[in-house]
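Let us walk through a protein chain step by step. Keep the structure in view and find each residue as it is named.

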Amino acid sequence: MKIIKDVKRPQFTNDNGIICSKIEGDITLKVSMFYSEAPFPNYQGYENKLMLSQIVSENSFLNDLKNHIGLNKTFIEVGSGTCQLSLAMAIGTNNLIVAMDPTKESLQLGKEFADKNAINNVVFLNSDIFDNEVQDNLFDVVWCSGVLHHTKDSKKGFEIISRWAKEDGLIIVGVYNKIGRLRTNFRQLIYKLLKKSDFAVKLISLLDPHLRKNLSEEKKQAWFRDQYDHPVERKHSLDEVMNWFEENNISYLGSIPSPSFQFENVSQMNGYKGTYLDRTFAQISMLFSNLGGEGGLCIVVGKKGQSVAKDK
Ligand SMILES: C[S@@+](CC[C@H](N)C(=O)[O-])C[C@H]1O[C@@H](n2cnc3c(N)ncnc32)[C@H](O)[C@@H]1O
């Protein structure tokens, strides 16, 4: 299967199993250099294939998604970081998974894991969304979480990756939410006011619920930098993302948090958008749940084309 557009293929080289292009965009280079110092989210160091599978089976959303996708499918994780999701989605399936990221150091950690655990259905692609090197209409699922808000233009990035999905394919994006990230913004302010001192680092490490977990030093460092020292970061509202969907012929299926105030897995999502007030309250509710405690990512799911509207 051809993953890269014909005209772009000559620019790629194979570097020890990672398919690489030259990353040249200013902002992408800046962000990629940032992550090359602390690849995100990194590993605990003791994970194996079984443990990654277990993480998926214990996570209602991911477990449902993996079952919903089934077999013989194509899946791309755009901005895969150290590739855990791609690897987990690949295990036990014959699906073709593409883990794409401009940070080669992150892909290398994913590739090492794949080699150690004999996972053979993941392609590691070193590329930038804005170089638009991936074939259009190729993927059953395009997943892009925690990425667009770190690029030069979230909306333009979305426009490009949505072309890579097949008609009726799923698009799942996670972006920092305007309201849901306020708790993190408050901690960012404290960190800045305390001049990023050692004391500030200690205080933030106590205040941030994710940093209180039992994580490897590499994972802690990656999270801390990602949340408090990032050179490029924006936030978006649920309505903004819904508009991107509409402008790119993607039917909204559902989101976490949901305007219905019920947690829904992808297979349960029915396109219910609620009112503006419902959506505002759903985003405010993030502040009182894990979603707001751990970075304020809002997940929005859509389907390419208008079949959802037709089904209703
Ligand atoms: C916060 S990490 C998220 C990693 C992973 N998606 C996760 O949720 O664990 C952001 C990732 O986006 C990647 N990224 C940044 N700019 C990008 C771009 N223009 N195209 C593709 N990926 C990009 C970075 O290299 C980094 O690995």
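Which residues is Met100 in contact with, leaving aside its neighbours within four places in sequence? They are Ile76, Glu77, Val78, Ser80, Leu125 and Ser127. This is a predicted model, so every position here comes from a prediction. Met100 sits in strand E4, which covers residues 96–100. Is Met100 buried or exposed? A residue counts as buried if 20 or more other C-beta atoms lie within 10 Å of its own. Met100 has 27 such neighbours inside 10 Å, so it counts as buried. Now look for Gly79. Met100 and Gly79 are 21 residues apart along the chain. Their C-alpha atoms are separated by 5.6 Å.

Val78 was on the contact list of Met100. Turn to Val78 itself. Leaving aside neighbours within four places in sequence, Val78 is in contact with Met100, Ile129, Val142, Trp143, Cys144, Val147 and Ile161. Val78 also belongs to the largest nonpolar core, which has 59 residues. Val78 is among those with the most contacts inside this core, together with Ile76, Leu87, Ala99 and Val142. Which strand gives the largest share of this core? Strand E7, residues 165–176, supplies that share with six residues.

Next comes the ligand. How many residues surround the ligand? The number is 23. The closest are Gly79, Gly81, Thr103, Ile129 and Gly146. Two of these names have come up before. Helix H1, residues 26–37, gives the largest share of the shell around the ligand, with four residues. By class, the shell has nine nonpolar, 11 polar and three charged residues.

Follow the chain on from H1. Pro41 lies in the loop between H1 and helix H2, which spans 49–57. The peptide bond from Phe40 to Pro41 is cis, with omega near -5 degrees. Asn42 lies in the loop between H1 and H2 too. The phi of Asn42 is near 65 degrees, a positive value in a residue other than glycine. Asn42 counts as buried because 21 other C-beta atoms lie within 10 Å.

The peptide bond from Ile256 to Pro257 is cis, with omega near 5 degrees. Pro257 is in the loop between strand E8 (250–256) and helix H11 (276–285).

Go back to Pro41, which Gln84 touches. Not counting residues up to four places away in sequence, Gln84 touches Leu52 as well. Gln84 lies in helix H4, residues 84–90. Why does Gln84 count as buried? It does so because 21 other C-beta atoms lie within 10 Å. Gln84 and Ile55 are 29 residues apart in sequence. In space they are 10.0 Å apart, C-alpha to C-alpha. Cys83 is found in the loop between strand E3 (74–78) and H4. The phi of Cys83 is positive, about 80 degrees, although Cys83 is not a glycine. Cys83 is buried too, because it has 30 other C-beta atoms within 10 Å.

Now step back to the whole chain. How many helices and strands does the chain have? There are 13 helices and nine strands. The domain assignment gives domain 1 (6–177 + 232–304) and domain 2 (182–228). The C-alpha centres of the two domains lie 24 Å apart. Their contact takes 13 residues from domain 1 and 14 residues from domain 2. On the side of domain 1 that touches domain 2, five residues are nonpolar, seven are polar and one is charged.

Finally, consider overall size. The C-alpha atoms fill a box of roughly 50 × 50 × 40 Å along the principal axes. For 312 residues, a compact globule would have a radius of gyration near 20 Å, and the chain, with 19 Å, agrees. Of the 312 residues, 40% count as buried. Take the contacts with a separation of 6 or more: residues 24 or more positions apart account for 76% of them.

Conventions:
Residues numbered from 1 in each chain as written. Predicted model: local features only at pLDDT ≥ 70, side-chain atom pairs only at ≥ 80, totals over all residues. Near = placed C-beta within 6 Å. Helix = DSSP H or I, 4+ residues; strand = E, 2+ residues; numbered from the N terminus. Nonpolar A, V, L, I, M, F, W, Y, C, P; charged D, E, K, R; others polar. Domains from an automatic or database assignment. Contact = placed C-beta atoms within 7 Å. Core = buried A, V, L, I, M, F, W, Y, C linked by C-beta atoms within 7 Å. Buried ≥ 20, exposed ≤ 12 C-beta atoms within 10 Å, placed from the backbone. Rg over C-alpha atoms; globule rule 2.2 N^0.38 Å.
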